[in-house]
Amino acid sequence: MTTQKRIFKRFSIRILVANMFLLAIVITAGIAISLQYNASKRMAVDHMLSSMNLLSDHMSDSVYSLDSDAKQTVNLLAELINSDLSNTSIERKSSLFAQFLQKRPQLYSLYIGDKQENFFQLINLDSAKDTRQRMGAQADDRWAAVDISGSGEQRLRITYYYSSTFRLNHQQTEKSSFSPTERPWFAASEQNNIYTTQPYLFQHLQVSGQTYAKRIRNTDQVIGLDILLSSLSDQLTLSSSKLINGQEQAFLFNKNGKIIASNLTNSDSDASSHQYLQDYLGIESKKLIDIANNPNAKQPTLIEKEESRRYYAFITAIGSDILNQQYITVTLPKDVLFQQATKEALHSTLLNALVMIILLPIIWLFSAPIVRPIRQLQLETEKIKQRQFDDVVFTDSHIKEIWQLSNSFISMSQDIKQHEANQKEFMEALIRLIATAIDDKSAHTGGHCYRVPELGLMISEALEKAEDGPYKSFQFANDNERLEFRIAAWLHDCGKITMPEHIMDKGSKLECIYNRIHEIRMRFEVLWRDAEIDYLRAVYIEKQNPTVALTTWQENQTRLQEEFAFVAKANVGSEFMSEQDRERIKAIGAQEWTRNFNNRLGLSPAEEMMLAKQEQDNKLDSDQPTTIETLLSDKPEHIIPRHKNIKFDASLGIKMTIPEHQYNQGEIYNLTIKRGTLTEEDRFKINEHMISTITMLDSLPFPPELSRVPRYASTHHERMDGQGYPRKLNAEQLSIPDRILMIADVFEALTAADRPYKKAKPISVAIDIMFNMCKEGHLDLQLFRFFLTSGTYLKYAEKFLPKEQIDTVNIQPYLEE
């Protein structure tokens, strides 16, 4: 009970009155619209009945006209033909019949037969659209004359195809068993009366037609005429579409329910498959005929077809001498019949809705003292949602609850503002902590994660201050976008936290956890001792010439000194290693030395497992206590397989080639690296930090204003020509912030003095290298030139580089096209 009372107290009398007022309008309008809808339905039915009467008159005239025309033609021919035409030429008979058929497309053919089984027929090829095709006629054929004569096996059917000028185009001969005397029209024909068949399906045309026949006076010949009832279908289609709306289905049928004509097309129904009305409509034709013959019967009749659509049928009767009693029925979908009524009801509904909308301001006027302050509080809530805390203002109201709520909003906005400031400060501190941890992880890259954001911010600030040139309109929309860019710059290498330290710090080619050049040096020491032992054995045991032996010993030791110096130099790495030097490394490495100690002792569990697997796969020879080994080698145990398959999520768009192995620590393989100190596997492992960056940042729930942080942080290794990594983005896909970080990352890397694989370059050399990178499609040339003209490169150098690196740079050559 307490809860119910509290609910009732929440309602305002203004709202209650307004709702009752609107409810009364809705009920009144509903009753009025219902009455109007029923009246419109009655009018639609009356209009349809009136249209049916007109349609009946039209079709009655059409049937009478067709019947009369056919009878007149037969009578006239019977009177004109007063002699036997059996011996008359085909052309003469064709010309005579053509005079009657030429301007009467509803007349399909004229024919004549006699008791001697002679038969001649002239077919009007323009009578129906499929006549030519079914008769095997050509496009320029106008008439087809059929002559059947002979007896038994010699009875032939010859078809002559004439042009409109009765030029014989071609003819066709075939055997025939057709006998005119066996046809109903021949046997039933009389001299003074015309015999009329019931409508039937013409075999050649597959359309409905009717035959008229009469015996020619004083002869044993019968003249016949075929008419097409398709003209009635055409007239029915034309009349119904004019008198009704074109969406109806109209049928002319006889008392047996057989369809004589309809307005159906091939797209509506296959008329030939529905010769009876009951087959098509699914209602007994007798029921419709009873309604048509009863003037007091209620129309329309509801029909529900198999497709569950509801139809209304209207039926009326017409009369004819040739077809006896006929009937016309028209069916309309229920929604079409009452379409106008529905439309008017909809208009009335919209009108009432419009009236209610007009009345709404009055209702709002009565509720304004409550609604206005609530709406204002809603706007203040939106400001809090958008974190515009300083814009939140107090909303005064005479209603106590609203006044208290407004005070709470002000207090809440200030608390959220303070909390957000604390969170933002904490987040930036945490990001700086991560970046510092990455820098501190390797002494060789210390400061990179700090200096790149500084340089990126310098470039972006210079761009925002540009008053002319291509970047005069560049501006971050607000402080949030600047924060977004700054955070992305700080986190651009956060993926390096997953990078193994020995790869990040790889200052020489043979370096793994330690620099293996010391191991190589010991092998050279072994060869040095072997050379000395060979000298002593040659002099004191083999009694060779001491001078020759000494010379050989000294030459071997000199060669070993030179070869080790060469290997040591190769280990340091360079910008380029020639093919000749790589071959020399292989030649030096081919020298042999004897190992006498078991190399399977003192191994870690991981090494033992790897060697055991390689032995199982027959990749290792069985261990021998004394073994001849080469000075440098690429052994199976140098191959570190991947412990898990790498598969990139398609949504990340990463396009990087994955090496087969995790690492390849082969000595010759590493010493013959062409550039720098990194193998293909090492380079991929370093580049893989971008994938880690993307994965880590995409998993963080950045707020909407920082949503582009993962994007900005993962594009600084892309290239303008689309050949970068990890996504192979091209210039069209790289925004200005993306390009800024690309410039900042490269310039910092070139001028940094703490990289293990190179020395710090003066700014003039760094700028020249970057210019070449622009020409090669690596960096944005336009932004690079702004980097120079704005003096940002010098500002950064003065802040972060030692004075000996800051040399004079002539930027003019880099600005010329």
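Is Lys543 buried or exposed? At 64% relative accessibility, Lys543 counts as exposed, because the cut-off for that class is over 50%. The close-ups below come from a predicted model.

**Figure 1. The whole chain in outline.**
This predicted chain has 817 residues, and 44% of them are buried. Its secondary structure comes to 26 helices and 18 strands. Take the contacts between residues at least 6 apart in sequence: 61% of them join residues at least 24 apart.

**Figure 2. Lys543 sits in the loop between helix 15 and helix 16.**
The phi of Lys543 is near 55°. That is a positive value in a residue other than glycine. Most residues other than glycine have a negative phi. Lys543 is also exposed, at 64% relative accessibility.

**Figure 3. Helix 15 packs against helix 16.**
Helix 15 covers residues 517-541. Its axis lies 9 Å from the axis of helix 16, and the angle between the two is about 175°. Helix 15 is therefore roughly antiparallel to helix 16, since angles over 145 degrees fall in that class. Which residue classes build this contact? The contact of helix 15 with helix 16 has 17 nonpolar residues, four polar ones and three charged ones.

**Figure 4. Helix 16 crosses helix 17.**
Helix 16 spans residues 546-572, and helix 17 spans residues 579-589. Their axes come within 11 Å and cross at roughly 125°. The two helices are therefore oblique to each other. The crossing is left-handed. From helix 16, the residues in the contact are Glu562, Glu563, Phe566, Val567 and Ala570. From helix 17, they are Asp581, Arg584, Ile585 and Ile588. By class, this contact has five nonpolar residues, four charged residues and no polar ones. An α-helix has 3.6 residues a turn, so residues three or four places apart point the same way.

**Figure 5. Helix 24 and its packing partners.**
Helix 24 runs over residues 781-789. Its buried residues are Leu783, Phe784, Arg785, Phe786, Phe787 and Leu788. Which helices do these buried residues pack against? Their partners are helix 12 (448-465), helix 22 (736-751), helix 23 (763-775), helix 25 (792-800) and helix 26 (812-815). Now look at the start of helix 24. There, a side-chain oxygen of Asp780 reaches to within 3.1 Å of the backbone nitrogen of Gln782. Helix 24 is followed by Gly791, which has a positive phi, near 75°.

**Figure 6. Asp738, a buried residue in helix 22.**
Asp738 has 0% relative accessibility, so it counts as buried. What does its side chain contact? The side chain of Asp738 makes a polar contact with the side chain of Ser735, at 2.9 Å. Leave out residues up to four places away in sequence, and Asp738 touches Arg711, Tyr712, Thr715 and Gln733.

**Figure 7. Ser406 in helix 11.**
Helix 11 covers residues 400-441. Ser406 has 1% relative accessibility, so it counts as buried. Which residues surround Ser406 in contact, leaving aside its neighbours within four places in sequence? They are Leu377, Phe394 and Thr395.

**Figure 8. Gln102 in the loop between helix 3 and strand 1.**
Helix 3 covers 90-101, and strand 1 covers 107-113. Gln102 and Ser164 are 62 residues apart in sequence. In space, C-alpha to C-alpha, Gln102 and Ser164 are 9.6 Å apart. Gln102 also touches Arg142 and Trp143, not counting residues up to four places away in sequence.

**Figure 9. Phe166 in the loop between strand 4 and strand 5.**
Strand 4 covers 156-162, and strand 5 covers 168-175. Phe166 has a phi near 60°, a positive value in a residue other than glycine. At 23% relative accessibility, Phe166 counts as partly exposed.

**Figure 10. Asn263 in the loop between strand 11 and helix 7.**
Strand 11 covers 259-262, and helix 7 covers 277-281. Is Asn263 buried or exposed? Asn263 is buried, because its relative accessible area is 10% and the cut-off is under 20%. The C-alpha atoms of Asn263 and Ser239 are separated by 9.7 Å. Along the chain, Asn263 and Ser239 are 24 residues apart.

Definitions and conventions:
Residues are numbered from 1 along each chain as its sequence is written. This is a predicted model: local features need pLDDT of at least 70, side-chain atom pairs count only at pLDDT 80 or more; totals for chains, interfaces and linings use all residues. Side-chain values use heavy atoms; hydrogens and water are left out. Axes are lines fitted to C-alpha atoms, for helices over the stretch in contact, and angles run from 0 to 180 degrees between N-to-C directions. Helices (H or I, at least four residues) and strands (E, at least two) are DSSP runs, numbered from the N terminus. Angles under 35 degrees count as roughly parallel, over 145 as roughly antiparallel, 65 to 115 as roughly perpendicular and the rest as oblique. A crossing is left-handed if the near helix is turned anticlockwise from the far one by less than a right angle, and right-handed if clockwise. Contact means heavy atoms within 4.5 Å. Ala, Val, Leu, Ile, Met, Phe, Trp, Tyr, Cys and Pro count as nonpolar, Asp, Glu, Lys and Arg as charged, and the others, Gly among them, as polar. Buried means under 20% relative accessible area, exposed over 50%, partly exposed in between (1.4 Å probe, protein chains only). A polar contact is a pair of N or O atoms within 3.5 Å; within protein, one must be able to donate a hydrogen and the other to accept it, and residues adjacent in sequence count only if both atoms are side-chain atoms.
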